[in-house]
Amino acid sequence: MDKEALAAIVRITNENLGYEPTTPTGFNELSRQIKQITGDTLSLSSIKRIWGYIPYDGEFSRTTLNILARYNGMKDWESFKKSIRENTSTDDQSGFHDNTITDTSKYLPGDRIVLSWNDGKECELECVGPMRFRILRAENIKLRSSDIVTLHTLCIGQPVYISDIIRDDIQFTAYVGAKKGGLLSIREFPAG
């Protein structure tokens, strides 16, 4: 078993899910989404073992790993492992940015921003406090209208990292958008 690839599939699944499951409710939601997206079912015990919630030293079945890979947009487990190997060259692990970074602490309550990225994905947010925003509109993304989120910085050409998401009475740890290609545009609309 490739432990590095297994850790990567857990991390990427958490990113795509929008939080790291650590409770029975979280694991049930992940199971539901896997079934909805892939059409296949993973047992809760398999999911809990992969996430380390239940201790397990054995190997995971190829079928289980293929389902997780498909949930994350890959053809199968082998394609996923190949993608991980190709995207982790040491030359691409760090570097300086020429693009301008937008610090979201500059926004005041009532200011709105619209973020756009590939495949018609867009998100309109309204500032409700220092680096806190309410989602007003979400198109083709996993965030929803009325979610309250924390957003620190934005950068054209880079993914958007959103944390401390509150949806109804549920709190999610993190969401990553625009992973492929980064943000295409940041439109600002000051209040008043």
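Tutor: Let's start at valine 10, which sits in helix α1. Helices here are DSSP runs of H or I with at least four residues, strands are runs of E with at least two, and both are numbered from the N terminus. A word on the ground rules: this is a predicted model, in which local features need pLDDT of at least 70, side-chain atom pairs count only at pLDDT 80 or more, and totals for chains, interfaces and linings use all residues. Residues are numbered from 1 along each chain as its sequence is written, and side-chain values use heavy atoms, with hydrogens and water left out.

Valine 10 counts as buried because its relative accessibility is 14%; buried means under 20% relative accessible area, exposed over 50%, and partly exposed in between, with a 1.4 Å probe and protein chains only. Setting aside residues up to four places away in sequence, valine 10 touches Ile50 and Trp51, where a contact means heavy atoms within 4.5 Å. Lysine 179 is 169 residues from valine 10 in sequence, and their C-alpha atoms are 16 Å apart.

Now move along the helix to threonine 13, also in α1, which spans residues 3-17. Its relative accessible area is 0%, so threonine 13 is buried. Apart from neighbours within four places in sequence, its contacts are Leu30, Trp51, Leu68, Tyr71 and Asn72.

Beyond its neighbours within four places, alanine 8 is in contact with Phe80 and Ile84. The C-alpha atoms of alanine 8 and isoleucine 84 lie 7.7 Å apart in space, although the two are 76 residues apart in sequence.

Serine 45 is 21 residues from asparagine 66 along the chain, with 17 Å between their C-alpha atoms. After α4 comes glycine 73, with a positive phi near 85°.

Positive phi values turn up elsewhere too. Most residues other than glycine have a negative phi. Aspartate 168 is not a glycine, yet its phi is positive, near 55°; it lies in the loop between β7 (160-167) and β8 (170-177). Aspartate 168 counts as exposed because its relative accessibility is 70%. Alanine 178, likewise not a glycine, has a positive phi of about 60° and is found in the loop between β8 and β9 (185-189). In its case the relative accessibility is 4%, so alanine 178 counts as buried.

Finally, let's step back to the whole chain. It has five helices and nine strands, in the order α-α-α-α-α-β-β-β-β-β-β-β-β-β. Of its 192 residues, 42% count as buried. Among contacts with a separation of 6 or more, 48% are between residues 24 or more positions apart. The C-alpha trace spans about 60 × 40 × 25 Å along its principal axes.

How confident is the predictor? The mean pLDDT of the chain is 86, and 92% of the residues score at least 70; pLDDT is the predictor's confidence in each residue, from 0 to 100. Confidence is lowest in helix α5 (residues 77-86), with a mean of 79, and highest in strand β4 (residues 132-139), at 96. Where pLDDT is low, the predicted coordinates should not be read in detail. Residues 77-86 make up α5, and the contacts of alanine 8 include Phe80 and Ile84.
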